[in-house]
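The sequence and the coordinates come first.

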Amino acid sequence: GAIRVQCAQSGSPGTAVVTLENTRFVNNGSKEGGSGLSVGGGAYVQQVKQLKVQNSQFIDNAAMSGAAGGLGLYLAESVEVSDSLFEENVSGYRGGGLFLEGGWNAWAESFSVVRTTFRNNHTGTVGGGLSEGNVKHLTVSECRFYGNTAGSQDGDQHYASGGGAFVDNVTQVDLDRTAFLDSVVGTSDTQNYNGGAVAIQGVTTLNVRDSLFANNQIRALPD
């Protein structure tokens, strides 16, 4: 990707605050797969106290042999994404547009995604627009998910989930005033796909308010 930021060692979140404001990431990464693992076609931020993304755009970035086509985050106490755009990004594994991971051993406190658009992003497995895991509280508010997809047509992957978004291992999810439109999940294996718009697992409390789900699909795709 264009930028990789790591602010601590030994698996701790660290004390740094990283801000991306009024910034555009366009056509970074590689759309060709490889033997190595790639994360964050546009940008990858690791082990920080807080990540803030404001009024920024991630367009046509790729991480074909890993996660986070547009932006990837691993291990932070809190994340705030607002008034931003993720469009036409692609990843091989998770989070075509945005990948947020709180860390297996130290759950993050809060992730919020507000007034942000996810359009025509794709991933080979889970979370076409957004993939998120291991946080105590996730808020997605006033967001729009259009035409995001998850799955593989060439048989490389035999499961897919969450065409718009995939959420895993969260104490509380608040989904407010958000629309999921025209999302698609599909693989060559007819038994292992689900959640055309959103797939949520390992959640204690889920609140969905004033939101729209329309024209989302799950279907098997040929090899």
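The text below goes through the conventions, the strand pairing, the salt bridges and the surface.

The model is predicted, and for that reason local features are reported at a pLDDT of at least 70, side-chain atom pairs count only at pLDDT 80 or more, and totals for chains, interfaces and linings use all residues. Residues are numbered from 1 along each chain as its sequence is written, and side-chain values use heavy atoms, with hydrogens and water left out.

## Strands and their pairing

Strands here are DSSP runs (E, at least two residues) numbered from the N terminus, and two of them are said to pair if DSSP finds at least two bridges between them. Seven strands form an open sheet with parallel pairing, and their order is E3-E6-E9-E13-E16-E20-E24. At its edges lie strand E3 (24-26) and strand E24 (212-214), each of which pairs on one side only. Neighbouring strands of this sheet are turned by 5° against each other on average, direction ignored; the axes behind this angle are lines fitted to C-alpha atoms, and angles run from 0 to 180 degrees between N-to-C directions. Within the sheet, strand E16 (residues 144-146) pairs with strand E20 (residues 179-181) in the parallel sense over three bridges, and Phe-145 stands opposite Phe-180 in E20.

Strand E15 (residues 130-141) has several pairings of its own. Strand E11 (residues 98-101) pairs with E15 in the parallel sense over four bridges, and Leu-98 has Leu-130 in E15 as its bridge partner. E12 and E15 are likewise parallel, with six bridges between them, and here the bridge partner of Ala-108 is Val-135 in E15. The pairing of E15 with E19, also in the parallel sense, runs over 10 bridges, among them one in which Val-140 has Leu-175 in E19 as its partner. E15 is mostly covered, since 10 of its 12 residues are buried, where buried means under 20% relative accessible area, exposed over 50%, and partly exposed in between (1.4 Å probe, protein chains only).

## Salt bridges

A salt bridge is counted where a side-chain nitrogen of Lys or Arg lies within 4 Å of a carboxyl oxygen of Asp or Glu, and by this rule the count comes to seven.

| Pair | Closest N and O atoms |
|---|---|
| Lys-136 and Glu-109 | 2.9 Å |
| Glu-142 and Arg-177 | 3.7 Å |
| Arg-209 and Asp-176 | 3.1 Å |

Lys-136 lies in strand E15 and Glu-109 in strand E12 (residues 108-114), so the pair ties together parts that are 27 residues apart in sequence. Lys-136 is partly exposed at 36% relative accessible area, and Glu-109 is partly exposed at 42%.

Glu-142 counts as partly exposed, with a relative accessible area of 35%, and Arg-177 counts as partly exposed at 41%.

Arg-209 belongs to strand E23 and Asp-176 to strand E19, so their pair ties together parts that are 33 residues apart in sequence. Arg-209 is partly exposed, with a relative accessible area of 41%, whereas Asp-176 is buried at 12%. Asp-174 is also involved, being linked with Asp-176 and Arg-209 in a network of salt bridges.

## A polar contact and a nonpolar patch

Gln-46 is found in strand E5 (residues 43-54), and with 13% relative accessibility Gln-46 counts as buried. The side chain of Gln-46 is joined to that of Arg-4 by a polar contact of 3.1 Å, a polar contact being a pair of N or O atoms within 3.5 Å of which, within protein, one must be able to donate a hydrogen and the other to accept it, while residues adjacent in sequence count only if both atoms are side-chain atoms.

On the surface, Ile-200, Leu-206, Val-208 and Phe-213 form a nonpolar patch with about 330 Å² of accessible area together. Patches are made of residues with over 30% relative accessible area and no salt bridge, nonpolar side chains being joined within 5 Å and like charges within 9 Å, and the areas come from the Shrake-Rupley method with a 1.4 Å probe. Strand E23 (residues 198-209) supplies the largest share of the nonpolar patch, three residues. Phe-213 lies in strand E24, and Phe-213 counts as partly exposed at 42% relative accessibility.
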